[in-house]
Amino acid sequence: QVQLVESGGGLVQVGGSLRLSCAASGRTFSNNAMGWFRQAPGKEREFVAAISWSGGRTYYADSVKGRFTISRDNANNTVYLQMNSLKFEDTAVYYCAAAPFGSAANSARYYLHSTYDSWGQGTQVTVSS
């Protein structure tokens with residue numbers, strides 16, 4: 001498995017921006033597809049964004065498309081989530097996740113919790129007025 005540590009969460013006003021980071025260690029980072037999920041109080045964990053091992057392919061939930069950008073730096077074993085134009089409904093705990101090599105065998109797999117075998121502890125994002 002991969003050890004993942006998220007950072008960058010916090011309190012931000014509606015319309016503001018945050019950048020989340022996820023530092024990875026353990027299994028070779030560049031072999032892993034990476035994803036971001038989030039969970040709001042009383043709701044199930046949901047897919048936010050994902051990126052292929054090379055960074056060449058990215059995937060987004062419809063609710064964040066055009067506002068969030070996922071990227072990765074394989075040299076520094078880090079994946080990022082740039083969040084712009086934040087809305088109240090973006091308030092949640094955000095989790096970074098890693099998928100072992102071969103697990104994300106097709107596009108649909110990137111959206112599934114079961115594709116990922118390593119999870120971070122989460123970072124809180126709160127959007128307020």
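Colleague: Is Tyr 116 buried or exposed?
Modeller: Buried. This is a predicted model, and in it Tyr 116 has 6% relative accessibility. The cut-off for buried is under 20%, so Tyr 116 qualifies.

Colleague: And Trp 119, how does that one count?
Modeller: Trp 119 is partly exposed. Its relative accessible area is 27%.

Colleague: How many aromatic pairs are there?
Modeller: The count is seven. One of them joins Tyr 116 and Trp 119.

Colleague: What geometry does the pair of Tyr 116 and Trp 119 have?
Modeller: Edge-to-face. The ring centres are 6.2 Å apart, with 65 degrees between the planes.

Colleague: Which residues do the ring pairs link into a cluster?
Modeller: Phe 37, Phe 47, Tyr 59, Tyr 110, Tyr 111, Tyr 116 and Trp 119.

Colleague: What lies over the face of Trp 119?
Modeller: Arg 45, at 5.0 Å from the ring centre.

Colleague: Where does the charged end of Arg 72 sit?
Modeller: Over the ring of Phe 29. The distance to the ring centre is 4.5 Å.

Colleague: How many bridges hold strand 3 and strand 8 in their pairing?
Modeller: Six, in the antiparallel sense. Strand 3 covers residues 18-26 and strand 8 covers residues 78-83.

Colleague: Which residue in strand 8 is the bridge partner of Leu 18?
Modeller: Met 83.

Conventions
Residues numbered from 1 in each chain as written. Predicted model: local features only at pLDDT ≥ 70, side-chain atom pairs only at ≥ 80, totals over all residues. Heavy atoms only, no water. Phe/Tyr/Trp six-rings, centres within 6.5 Å; stacked < 30°, edge-to-face > 60°. Buried < 20%, exposed > 50% of the residue type's maximum accessible area, 1.4 Å probe, protein only. Lys NZ or Arg CZ within 6 Å of the ring centre and 35° of its normal. Pairing = 2+ DSSP bridges. Helix = DSSP H or I, 4+ residues; strand = E, 2+ residues; numbered from the N terminus.
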